[in-house]
Every structure is written in C-alpha cells, then in structure tokens.
Amino acid sequence: MPKTSARLLSLLSLLQTRRDWPGRLLAERLEVSPRTVRRDVDRLRELGYPIVSAKGPDGGYRLDAGTELPPLLFDDEQAVALAVALQVAATSGVGIEEAAARALATVRQVMPARLRHRIDMLRFTAVERPAVRPRPPVDGEVLMAVSAAARACEVLRFDYTPAPRTGAPDGAPPAGLPPRRVEPHHLVTWCGRWYLVAWDLDRGDWRSFRADRMTPRTPTGPRFTPRDVPGGEVAAFVTRRFEGYDDSGGRPCRGEVILGLPAATVSRYTRDGLVEELGPDRCRLVLGSWSWTGLASAIGRFDADIEVVGPPELEEAFAHLARRYTAAAGTDRRQAARPAHDGHSPR
C-alpha cells in the first residue's frame with residue numbers, strides 16, 4: 001500500500017480526471033479498501049477540497065466547485081503549459097500583467113526542482129505586431145460580464161464609445177445616445193484586441209464591437225434563442241469580416257487582369273484569387289479586395305506587365321496609383337538632383 005501522502009495525491013488526481021467516481025472503482029484503482037477511500041476523502045476535505053458524496057449502492061465521489069481556491073495538482077506537462085501561458089499573458093490585451101507575474105511566481109515556488117529548472121531554462125520575449133495606434137487594455141470585469149451574458153443567452157445592454165475622429169482622444173460615450181441592445185454570441189481576439197460578435201437587435205444584422213469601448217449595463221435583458229453566425233463557424237466568420245468579405249462570401253471590389261507571369265508562379269502567392277493559365281508566361285487573375293485601390297496595390301506587387309480586363313473602377317484605381325507613384329518618383333529625382341551642402345557658406 002502506498003504511503004498516505006502519495007495515496008492522497010493519487011486520489012486527487014483521479015477525482016480531477018472525471019465527473020463522478022464510484023467508491024468501489026476508486027478503491028480498486030488505489031488498491032485499498034472502500035473504508036480507506038472514505039478516510040482519504042475526509043482528509044482531502046480538511047485540506048479544502050470540496051468533494052461531494054453520492055449515497056446509495058452505486059454511490060461515489062465528485063470534486064465540486066468551492067468558495068475558496070484549494071491547493072491544485074498539475075502533472076509536469078500541465079505545469080509547464082501554465083507557466084508558458086502566464087508569461088505570454090502580457091500580449092492578451094487584458095490588463096492582467098501584474099496578476100499573471102504574481103501567479104507565475106506562486107506556481108514556480110511550489111514546483112519541484114526538476115520542473116523549476118525546466119521553466120527557468122525557457123526564456124523568451126513575446127513580441128507584438130506594431131500597431132498604428134496603441135491598444136487600450138480591456139477591463140477584465142467587462143470581459144466577464146459580456147461572456148456571462150453570452151453563456152446565459154441573455155440580451156446585453158451597453159454604452160458604446162464610437163471610434164474617435166482623427167486626432168481626437170478616446171472619451172466617454174456621447175451623451176444622449178441610447179444603449180446598444182444585442183444578443184451576444186461570442187468573444188474573440190483579433191490582433192491583440194477583444195471583440196464581441198453579436199446580433200444587433202436595433203439594426204437587424206451581425207455586428208462586432210470592441211470590448212475596450214463597451215460599458216455593460218445591468219441588469220441584462222431577457223433570454224433569447226441563439227442564432228447561428230453566417231457560415232456556422234465563428235472563427236471563419238470573423239476572419240472573413242475583418243478581411244473585407246461580405247455575407248455572400250465575396251469581397252465588394254472584384255476585378256480581373258491578365259499578368260505576364262506563369263500561372264504556377266501567381267498561384268503560389270494568391271490565396272483567395274482564381275488563376276487561369278493562358279500560356280507559358282501569361283495567366284488570368286480574378287481577385288477581390290476591400291477597396292479598388294487596395295486591389296490595384298495587391299495586383300501591382302507582381303513584377304509583371306498588367307492588362308486590366310475590368311471593371312472600369314479597377315482601371316481608375318491603377319491610374320490613381322500611377323499618378324501617386326509618379327509624383328513620389330519625381331520627388332525623389334528632385335532631391336537627388338539637389339547639390340550637396342556641407343553647412344558652410346561659400347566664400
């Protein structure tokens with residue numbers, strides 16, 4: 001029979017792996033008597049673990065949620081995963097950096113020496129993509145309130161601060177605006193920002209809201225029957241929305257060109273376009289984008305001759321870029337033609 005301390009750890013590990021454990025089955029797994037299992041369960045309860053008993057011939061035990069956080073048991077892989085997750089918490093967009101650092105210090109302190117050594121060997125820096133504007137942190141309480149409403153399928157009311165005008169600072173929601181009313185569906189993260197995907201009751205359409213601009217109101221509204229997002233998958237829906245696709249699956253600006261490149265070459269660098277071979281060094285490309293200028297820029301990255309098939313808006317976008325690039329090239333030539341000046345006046 002294993003020692004009591006080792007047996008308690010084994011019992012706790014078993015209780016964490018499934019919802020209910022019949023007492024007889026626990027006794028068989030631990031190779032002890034049912035009476036010993038009962039005594040060990042009482043010891044774990046004294047340590048703060050909320051273990052619920054079920055009476056009857058098939059009665060057993062279940063690890064339940066309690067009012068306090070008891071000591072936790074992790075295997076080696078779980079402990080390492082937890083330490084890594086806490087180190088990258090600073091890039092989550094939620095203001096929990098200090099709490100994550102304290103949690104990591106606590107976890108490291110109680111780790112066995114072998115695991116502490118592995119964690120100390122893992123040194124890395126989480127680098128975020130540079131942003132045009134700084135991302136304001138999201139209040140964790142806002143995320144909890146929004147997520148709770150989504151889980152309970154309750155209408156959420158909140159004040160929403162719209163995007164500020166260029167040069168204007170972020171502020172409070174404009175006075176006099178009614179709160180937004182939505183059926184919350186899912187919280188998502190995109191490029192370091194948190195968004196709520198929801199059905200807007202007043203606009204009758206799917207919308208995404210930045211969580212850092214939301215101020216939830218209480219109480220929440222009535223319960224609702226959840227809707228399916230277009231396509232049925234939240235990740236795909238959000239990705240296509242942010243990449244400029246509409247609900248029909250296409251982008252609002254779609255054009256066709258002929259490129260002086262082999263189709264095999266263009267296909268390697270075209271994720272969403274249609275490529276058709278016209279010859280050994282010519283192909284047809286049909287591509288979409290969120291704007292005509294963006295589409296022309298995407299096509300222009302191919303180092304090849306371009307023939308626009310249509311529509312006229314794409315031709316105008318190329319002409320607009322041509323004027324812009326010509327002006328930029330002219331500026332460079334004028335600067336290059338200027339004589340060097342060493343800062344001293346000629347005598």
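Q: What is the average pLDDT of the protein?
A: This is a predicted model. The protein has an average pLDDT of 79, and 77% of the residues score at least 70.

Q: Which residues of helix 3 are buried?
A: An α-helix has 3.6 residues a turn, so residues three or four places apart point the same way. In helix 3, the buried residues are Thr36, Val37, Asp40, Val41 and Leu44. They cover an arc of only 140 degrees around the axis, which puts them on the same side of helix 3. Arg35 and Glu46, on the other side, are exposed.

Q: What do the buried residues of helix 3 pack against?
A: Their partners are helix 1 (4-15), helix 2 (23-30), strand 2 (51-53) and strand 3 (60-63). Just after helix 3, Gly48 takes a positive phi of about 110 degrees.

Q: How many aromatic pairs are there?
A: Rings count as a pair if their centres lie within 6.5 Å, and planes over 60 degrees apart make the pair edge-to-face. The count is four. Tyr160 and Phe209 are edge-to-face, at 5.3 Å centre to centre and 85 degrees between the planes. Tyr160 lies in strand 4 and Phe209 in strand 7 (residues 205-210), 49 residues apart. Both Tyr160 and Phe209 are buried. Ring pairs also link Phe158 with Tyr160 and Phe209 into a cluster.

Methods: Residues are numbered from 1 along each chain as its sequence is written. This is a predicted model: local features need pLDDT of at least 70, side-chain atom pairs count only at pLDDT 80 or more; totals for chains, interfaces and linings use all residues. Side-chain values use heavy atoms; hydrogens and water are left out. Buried means under 20% relative accessible area, exposed over 50%, partly exposed in between (1.4 Å probe, protein chains only). Helices (H or I, at least four residues) and strands (E, at least two) are DSSP runs, numbered from the N terminus. The arc is that of the directions from the helix axis to the C-beta atoms. Contact means heavy atoms within 4.5 Å. pLDDT is the predictor's confidence in each residue, from 0 to 100. Rings of Phe, Tyr and Trp (its six-membered ring) pair if their centres lie within 6.5 Å; planes under 30 degrees apart count as stacked, over 60 as edge-to-face and the rest as tilted.
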